[in-house]
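Dear colleague,

I am handing over the structure below. Please look through it first; my notes on what was found follow.

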Protein chains: 2
Amino acid sequence: MKHKKLSNEALNLIANRFKVLSEPIRLQILHTLQEGEKSVNDLTIAVQTSQPNVSKHLKILQNAGILSREQHGNIVYYRIADESIFTLCETVCNALEEGIKSQAEIFVTV
Amino acid sequence: MKHKKLSNEALNLIANRFKVLSEPIRLQILHTLQEGEKSVNDLTIAVQTSQPNVSKHLKILQNAGILSREQHGNIVYYRIADESIFTLCETVCNALEEGIKSQAEIFVTV
DNA sequence: GCACTATATTACTATTTAGGCATATACTTA
DNA sequence: TAAGTATATGCCTAAATAGTAATATAGTGC
């Protein structure tokens, strides 16, 4: 398996993407948006925190290019702009499952 | 495309994995280890920071199940224990490339 | 214009954490 | 045992940031 050498700037960008995804509330927002676009109010109800807090997280996600924003009258709808985040989550899920299985094997072999 | 509903605890675990990967120095360490196992000293030289700092990051990566540790005499070797992190980095890389391309299109259509 | 609703922003606080420095631990060799 | 080397740990400080509360902005309908 061949791999390219990544520059430090590239690693910084990658690290930053992970940082954006490292907040549970933001993952909750993304997970909720997997059903389709939602208003800020919908999301506020879904993630159980204050509206200003949701708006702040939405801005972070939008700035990262993960969400797009669309305003209709008084209501602002957010939607997923970069589906790759679900691939990321799935990869992590599988890895975590594997890790737990490996731990379980310790007991099996006793 | 069907997707399962994730519990908040699951999202916390996923967020935590992203958090571990959200530090450029840790990505540098992982990227260096892609060549194969290295000693703490090797890694300290590779990532250009202090040895205690490297040890601290190595511990975080090991606790997350991403690295494994093996001591030979005086020297401690670390190696990748969870290859999925490279898949993650690659997915992010591709997404970032796509994002930049989309931005570029704005200029093309002028 | 005025009241009402939806979203965003600002200022603040509390928590987390990366990095530096000093030092501890552990292994090796003389 | 003593000196030397490799790695880990503890304490501290500075910077980043999530959350809150108050307020600002912007759109709607009367």
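The model is a predicted one, so please read everything here as computed from it.

In total, 20 residues lie around DNA strand D, and those that come nearest are Gly73(A), Ser39(B), Val40(B), Asn41(B) and Pro52(B). The elements giving two or more residues to this surface are helix 4 (51-63) of chain A and, from chain B, helix 3 (40-47), helix 4 (51-63) and strand 3. By class, the surface has seven nonpolar, 10 polar and three charged residues.

**Strands of chain B**

Strand 3 of chain B (residues 75-80) runs antiparallel to strand 1 of chain B (residues 38-39), and two bridges join them. Strand 3 of chain B also pairs with strand 2 of chain B (residues 67-72), again in the antiparallel sense, over six bridges. Tyr77(B) in strand 3 takes part in both pairings: Ser39(B) stands opposite Tyr77(B), and Tyr77(B) is also the bridge partner of Glu70(B).

Strands 2 and 3 of chain B form a hairpin with two residues between them. Gly73(B), in the turn, has a positive phi of about 60 degrees.

**The two copies**

How is chain B superposed on chain A? A rotation of 180 degrees does this, with 0.0 Å of shift along its axis and an RMSD of 0.0 Å. The two copies are thus related as by a two-fold rotation axis. Which residue of chain B comes closest to the rotation axis? This is Phe18(B), whose C-alpha is at 2.5 Å. As for the interface, 100% of the interface residues of chain B are also interface residues in chain A, so the copies meet through the same surface.

**Helices 3 and 4 of chain A**

Helix 3 of chain A (residues 40-47) packs on helix 4 of chain A at an angle of about 110 degrees, and their axes are 9 Å apart. These two helices of chain A are therefore roughly perpendicular to each other. Helix 3 of chain A makes the contact with Val40(A), Leu43(A), Thr44(A) and Val47(A), while helix 4 of chain A uses Gln51(A), Val54(A), Ser55(A) and Leu58(A). The contact has five nonpolar, three polar and no charged residues.

Regards

Note on methods: Residues are numbered from 1 along each chain as its sequence is written. Chains are lettered from A and ligands numbered from 1 in the order in which they are written. This is a predicted model: local features need pLDDT of at least 70, side-chain atom pairs count only at pLDDT 80 or more; totals for chains, interfaces and linings use all residues. Two strands pair if DSSP finds at least two bridges between them. Helices (H or I, at least four residues) and strands (E, at least two) are DSSP runs, numbered from the N terminus. Copies are superposed by least squares on the C-alpha atoms of residues with pLDDT of at least 70 in both. Two residues are in contact if their C-beta atoms, placed from the backbone, lie within 7 Å. A residue is near a molecule or strand if its C-beta atom, placed from the backbone, lies within 6 Å of it. Ala, Val, Leu, Ile, Met, Phe, Trp, Tyr, Cys and Pro count as nonpolar, Asp, Glu, Lys and Arg as charged, and the others, Gly among them, as polar. Axes are lines fitted to C-alpha atoms, for helices over the stretch in contact, and angles run from 0 to 180 degrees between N-to-C directions. Angles under 35 degrees count as roughly parallel, over 145 as roughly antiparallel, 65 to 115 as roughly perpendicular and the rest as oblique.
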